[in-house]
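Student: Before we go through the terms, could you show me the model we are going to discuss?

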Amino acid sequence: MKRIQSDLVTLKDGQRDMRQDIVSLRNHMHVMQGDINNLHGSMAQVLTRLDRIENRLELRELAEAQARFEPHP
């Protein structure tokens with residue numbers, strides 16, 4: 001009987017440790033998800049800025065191309 005009680009205590013301790021490990025993993029996953037969301041936001045800002053830079057570059061290239069055909073004094 002003592003052996004069974006000892007085994008049950010060991011199993012309960014192991015279960016408690018596993019539960020704590022799972023909670024720790026869950027918390028770590030939440031932190032990682034927040035980091036990933038922040039990276040997505042930063043990437044979106046970079047892509048928006050890159051689009052604006054590309055648009056300005058295209059406008060400048062068009063203006064330079066058009067300037068070649070305009071009469072110079």
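Tutor: The chain carries 11 positive and 11 negative side chains, and the centres of the two sets lie 12 Å apart; Lys and Arg count as positive and Asp and Glu as negative, without His and the chain ends, and each charge is placed at NZ of Lys, CZ of Arg, CG of Asp or CD of Glu. This is a predicted model, in which local features need pLDDT of at least 70 and side-chain atom pairs pLDDT 80 or more, while totals for chains, interfaces and linings use all residues. Residues are numbered from 1 along each chain as its sequence is written, and side-chain values use heavy atoms, with hydrogens and water left out.

Student: What makes Val46 count as exposed or buried?

Tutor: Buried means under 20% relative accessible area, exposed over 50%, and partly exposed in between, with a 1.4 Å probe and protein chains only. Val46, which is found in helix α1 (residues 2–69), has 51% relative accessibility and therefore counts as exposed.

Student: Why is Asp51 called partly exposed?

Tutor: Asp51, also found in helix α1, has a relative accessibility of 43%, so Asp51 counts as partly exposed. Of the 73 residues in the chain, buried residues make up 0%.

Student: How do you know what the radius of gyration of the chain says against a compact globule?

Tutor: The radius is taken over C-alpha atoms, and the globule rule is 2.2 Å times the number of residues to the power 0.38. For 73 residues a compact globule would have a value near 11 Å, whereas the chain has 32 Å. Along the principal axes, the C-alpha atoms fill a box of roughly 110 × 10 × 10 Å.

Conventions
Helices (H or I, at least four residues) and strands (E, at least two) are DSSP runs, numbered from the N terminus.
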